[in-house]
Amino acid sequence: MTAELHPSIVALVALAANIAAKHPKQGLCQLDRLREYGVPEAHIDTVIEIARHIRDEAGQLLDMDFDAARTQPPEAPAKPKVSKGKPLDIAVAEACCTPTPGGKACC
């Protein structure tokens, strides 16, 4: 059995995705639907703030990586030496993001 999401949740997710992805339509259609569903403006504002924060943080991280790569000469990546049956020692990036400027958690 598949549980369907309430249309207001789908519209909130779509709004956030449109903003974070810099979609040309900007989620304006979802904004109209959310208002029709009676979603409080404060909830909509929170979703917009979080989506913009994620979008902006992603852009900053991409810029930092680009700038770091641009200023360093290319190197051949070292090939890890792996013994059969032993795991690679690979660093894992942190999964959480920083809070929005308004203090909202986005993860």
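Guide: The protein chain has three helices and zero strands, where helices (H or I, at least four residues) and strands (E, at least two) are DSSP runs numbered from the N terminus. Along the sequence the pattern is α-α-α. This is a predicted model, in which local features need pLDDT of at least 70, side-chain atom pairs count only at pLDDT 80 or more, and totals for chains, interfaces and linings use all residues. Residues are numbered from 1 along each chain as its sequence is written, and side-chain values use heavy atoms, with hydrogens and water left out.

The largest pocket has a volume of about 190 Å³. A pocket here is an open set of points on a 1 Å grid over the protein atoms alone, where a 1.4 Å probe fits, with protein on both sides within 12 Å along at least five of seven lines; lining residues have an atom within 4 Å of a point. Grid points are joined across faces, edges and corners, and the volume is the space filled by probe spheres set on the points. The lining includes L15, N18, I19, L31, I48, R52 and R55. Two or more lining residues come from each of α1 (7-20), α2 (28-36) and α3 (41-71). By class, five lining residues are nonpolar, four polar and three charged; Ala, Val, Leu, Ile, Met, Phe, Trp, Tyr, Cys and Pro count as nonpolar, Asp, Glu, Lys and Arg as charged, and the others, Gly among them, as polar.

Next comes the packing of α1 and α3, at an angle of about 35° with their axes 8 Å apart. Axes are lines fitted to C-alpha atoms, for helices over the stretch in contact, and angles run from 0 to 180 degrees between N-to-C directions. The contact (heavy atoms within 4.5 Å) is made by L12, L15, A16, I19 and A20 of α1 and I44, V47, I48, A51, R52 and R55 of α3. It has nine nonpolar, no polar and two charged residues.

Two single residues complete the view. Q30 lies in helix α2 and is buried, with a relative accessible area of 13%. Buried means under 20%, exposed over 50%, and partly exposed in between (1.4 Å probe, protein chains only). Leaving aside neighbours within four places in sequence, Q30 is in contact with A11, A14, L15 and N18. I54, in helix α3, is partly exposed at 35%. The C-alpha atoms of I54 and I19 are separated by 9.3 Å, at 35 residues apart along the chain.
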